[in-house]
Amino acid sequence: MKVLVIGANGQVGKHVIHKLTQSSHTPVAMVWDTKQIPQFEELGVETVLGDLEKDFKEAYYGVDGVIFAAGSGPHTGADKTILIDQEGAIKSIEYAKQFGLKRFIMLSSVRSDEPEKGPDAMKHYLYAKHRADEHLKQSGLNYTILRPGQLTNKPGTGKVALEEKLEQDGEIPREDVAETLVYLLSVPRAKQKSFDLISGSTQLEETLAY
Ligand code: NAP
């Protein structure tokens with residue numbers, strides 16, 4: 001499958017591109033700054049320009065699926081959370097519908113399924129993620145939503161806890177999040193489902209296998 005990675009220049013996004021190049025899939029990196037293009041072209045990865053706040057449907061030509069790994073980050077204001085994490089994600093879903101894509105994987109966040117239970121400082125962000133996730137669920141697309149816990153830059157271990165609902169909090173290396181996003185592309189049992197993800201004791205490939 002040819003997979004458009006939205007947020008390819010991000011910390012998770014770069015791992016996703018790397019994992020896709022090692023898989024049976026072919027990545028297309030979407031970035032929003034021309035300075036971010038050469039690093040991917042040097043890897044032989046097709047790269048397209050697209051700004052989530054503008055019209056970026058041209059990025060969708062010729063792709064079969066999307067991994068959405070973008071976000072406005074912690075250093076921007078509440079307005080950008082709505083414009084990028086919520087509206088940018090919703091626009092990405094709408095383009096996927098227009099182009100009849102086969103698969104849409106959303107990188108969301110722990111507690112985006114119950115934003116009212118999140119800490120006050122996170123509620124605005126969690127509600128924005130929640131609205132994007134709900135839009136995806138209603139879209140008719142073949143989707144999977146991944147809700148990881150606290151992201152770290154530790155090396156990936158490939159060992160995870162991946163469940164439709166986890167009661168405990170936890171961390172997860174960005175590398176393992178990326179590996180899980182790519183894994184979910186091809187797992188039939190993951191379709192139309194949402195999962196929490198933290199580090200655990202099960203080898204990723206053994207999850208959702210039954
Ligand atoms: P990140 O490094 O900030 O990556 C986000 C990417 O989105 C960046 O490449 C950024 O571009 C891109 N982006 C921002 N605005 C854009 C726009 N207008 N158009 C196109 N792309 C745009 O974040 P991360 O660490 O990889 O995390 C990915 C996501 O995981 C977060 O956004 C968050 O929603 C989610 N998450 C985070 C945590 C956590 O503990 N931090 C936990 C659970 C879930 P630039 O490269 O130019 O900045």
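Predicted model: local features only at pLDDT ≥ 70, side-chain atom pairs only at ≥ 80, totals over all residues.
**Ground rules.** I number residues from 1 along each chain as its sequence is written, and I leave hydrogens and water out, using heavy atoms for side-chain values. Local features need pLDDT of at least 70 and side-chain atom pairs count only at pLDDT 80 or more, while totals for chains, interfaces and linings use all residues.

**Entry 1: the cores.** I looked up the largest nonpolar core, which has 33 residues. A nonpolar core is a set of buried Ala, Val, Leu, Ile, Met, Phe, Trp, Tyr and Cys residues joined through side-chain atoms within 4.5 Å. Buried means under 20% relative accessible area, exposed over 50%, partly exposed in between (1.4 Å probe, protein chains only). V16, I67, L162 and L181 touch the most other members. Among the elements giving two or more residues are β1 (2-6), α1 (11-21), β2 (26-31) and α5 (174-184). Helices (H or I, at least four residues) and strands (E, at least two) are DSSP runs, numbered from the N terminus. α5 gives the most, six residues.

I then checked I67. Leaving out residues up to four places away in sequence, I67 touches V3, V16, L20, I105 and L181, among others. Contact here means heavy atoms within 4.5 Å. A second, separate core has 26 residues, including A59 and I93.

**Entry 2: the aromatic pairs.** I found five aromatic pairs. Rings of Phe, Tyr and Trp (its six-membered ring) pair if their centres lie within 6.5 Å; planes under 30 degrees apart count as stacked, over 60 as edge-to-face and the rest as tilted.

How do the rings of Y60 and Y95 pair? Their planes stand at 70° and their centres are 5.5 Å apart, so the pair is edge-to-face. Y60 sits in the loop between β3 (46-49) and β4 (65-68), and Y95 sits in helix α3 (residues 78-98), 35 residues apart. Y60 is buried at 0% relative accessible area. Y95 is buried too, at 7%.

Y60 also pairs with F99: centres 5.7 Å apart, planes at 35°, so this pair is tilted. F99 lies in the loop between α3 and β5. F99 is partly exposed, at 25%. F56, Y60, Y61, Y95 and F99 form one aromatic cluster.

**Entry 3: around β2.** Is β2 mostly covered or uncovered? Five of its six residues are buried, so I noted it as mostly covered. β1 and β2 run parallel, joined by five bridges. Strands pair if DSSP finds at least two bridges between them. V5 has A29 in β2 as its bridge partner. β2 also pairs with β3 in the parallel sense, over four bridges. There, M30 partners V48 in β3.
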